[in-house]
Amino acid sequence: MRRFGTQGPVNPEQHYIVARTEELTEFIKRVKEGRYIVIFAPRQTGKTTFFQRAVAALTAEDLTYFPIQLNFEIYVDCERSEFYESLAKQIGKEIERVFQIRGEGLDEALTHFLDHAKITNHLSMMDFFEQVQHFLKYGDDLQKVVLIIDEFDGIPTTALKGFLHAFRHTYVTQATFQCPHSLGIVGVKNITQLDYDRSVSPFNIQDDFALSNFTLNQVQELYGQYTDEVGQAFNPEVIESIHKQTGGQPFLVNRFAQILTEEMDIPKTDSITMKHFSHALQLLLEERNTNIEHLLTNIRKAPRFQTMLMRVVSYENSVPFNPDNDIINELATYGVITKGTDRKCEVINPIYLYRIVQAFKPLVNGLEDDYFPKDTDGYQYLTDDRHIQMEQLLDNFWDFIARAGFRILQVPETPQEFIGQHLLFAYLDQFVTSVNGTMYIEVPTGRGRMDLLILHNGKKYIVETKIWRSERGMPKVKNNSLRIYQQKV
């Protein structure tokens, strides 16, 4: 039986997989047109899987094209000479692999060439490709070489400019049998970020290719494969909620499904409901998987990232999405923020937003003992049938602000303008945990609103927060800056 994959590239024999048919068709169309294509996207967004499937299609279905797939990750600490020496060997092995897949053997002349070929710099690399082209034939015609390079960020910095100049020269000469005919570069950082001396990039002939997160229809397609094989259905509301919380991020979509179908022991005869969704979301919000590790590592790389992200989260006007700003550009490269429909920065999905707030929340703010009046605890805000009295709970939050007084301005490592939302989040988080509820963020963008959704004892409560400002633009605490909604789950 297939499963949902989160460990590296996925394949249709072992995993449920989103076909991305339209994207594959468009990519192969550009390959046949001889484009030099680049895709730079955050890790664990399905780039490698996508290009492996494109290469497999070209290898098996169209013998007029000869795909060569390389991976530069292993070159990250190499010198230029080591890079080029290994490159010749890696290309030779890949050529042999393609012949084997097609059930063909290398002729003696090609074998001799690959055994003795050497690449020492970008000039000899150009000569290598010109020569190898003449050995690759389909009938009486020369095959068109398609070179795909994964993890391009690993290329040694000393080899980068010459390497790009070489392929630019090949592209602009527009020879009848240019080799490679098409080039695909896959990585996290884009060409300009890799061009470390900040000069004009030599690779200005690139054709950018967008590989977006999964749409709702694609998540439905993915989960539908599981239902067709196993018989266990996802309630439509569950799929919609998963897409909303993950923003369609491929790793998170698959990880959510792993928890629901493999780790929660839900009988396969039962449909997966919103109650199951809530439990799975709580588990996902509390675990440290590789995707969340990447997120937390990236946002903690520089103190300026915290200030930027908290402005995005806490201010209704957010921050204009300016790709020429180094901080915004880097956070977008890491897949933390994106450009919203109003051209402002927004956190890319609610799960990331929740983990960002958690990451920047002080472990101890020094005010925990003042959350509730002396000789009381949070349980007085539950009714006899154990439902939350949200209005009274939030009234106590205002009383807590008064009890704490000036000390709320001394919360460690928190900019003063963000303290109010930090404290409300920490206050509710502590209460909800103590009564065995679940809290997560409902609105994906922040934008001065942090809508907190609380699930407890069969009821759903939404606390809508919003920064209220005086005429002078200073943040203030005011009762009408919170709204409460509740309904049955």
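The reply below turns to the aromatic pairs, and then to confidence and the cysteines.

Reply: The model is a predicted one. In this model the count of aromatic pairs comes to 37. One of them joins Y16 and Y226 in an edge-to-face arrangement, with 5.9 Å from centre to centre and 85° between the planes. An angle over 60 degrees is what places a pair in the edge-to-face class. This pair links distant parts of the chain, since Y16 belongs to the segment before α1 (21-32) and Y226 to helix α8, 210 residues apart. Y16 is buried, its relative accessible area being 1%. Y226 is likewise buried, with a value of 2%.

A second pair to consider is that of Y36 and Y171, which is tilted: the ring centres are 4.8 Å apart and the planes make an angle of 55°. Because Y36 lies in strand β1 (residues 36-40) and Y171 in helix α6 (residues 157-173), the pair ties together parts that are 135 residues apart in sequence. Here the two partners fall into separate classes of accessibility. Y36 is buried, with a relative accessible area of 1%, whereas Y171 counts as partly exposed because its relative accessibility is 23% and the limit for a buried residue is under 20%.

Aromatic residues also gather into a cluster. One such cluster is formed by F72, Y75, F83, Y84, F113, F128, F129, F135, F152, F163 and F167.

As to confidence, the protein averages a pLDDT of 84, and 85% of the residues score at least 70. Helix α8 (residues 216-230), the element that holds Y226, has the highest mean pLDDT among the elements of the protein, at 97. The lowest mean, 42, belongs to strand β14 (residues 475-476). Over residues 468-480 the pLDDT stays under 50, and the model has 14 contacts beyond four places in sequence for that stretch. Where pLDDT is low, the predicted coordinates should not be read in detail.

The cysteines may be taken last. A disulfide is a covalent bond between the sulfur atoms of two cysteines. With sulfur atoms within 2.5 Å as the criterion, the count of disulfides comes to 0. Two cysteines may be set side by side for their accessibility. C345 counts as buried because its relative accessibility is 0%, while C78, at 24%, counts as partly exposed.

Key. Residues are numbered from 1 along each chain as its sequence is written. This is a predicted model: local features need pLDDT of at least 70, side-chain atom pairs count only at pLDDT 80 or more; totals for chains, interfaces and linings use all residues. Side-chain values use heavy atoms; hydrogens and water are left out. pLDDT is the predictor's confidence in each residue, from 0 to 100. Helices (H or I, at least four residues) and strands (E, at least two) are DSSP runs, numbered from the N terminus. Contact means heavy atoms within 4.5 Å. Buried means under 20% relative accessible area, exposed over 50%, partly exposed in between (1.4 Å probe, protein chains only). Rings of Phe, Tyr and Trp (its six-membered ring) pair if their centres lie within 6.5 Å; planes under 30 degrees apart count as stacked, over 60 as edge-to-face and the rest as tilted.
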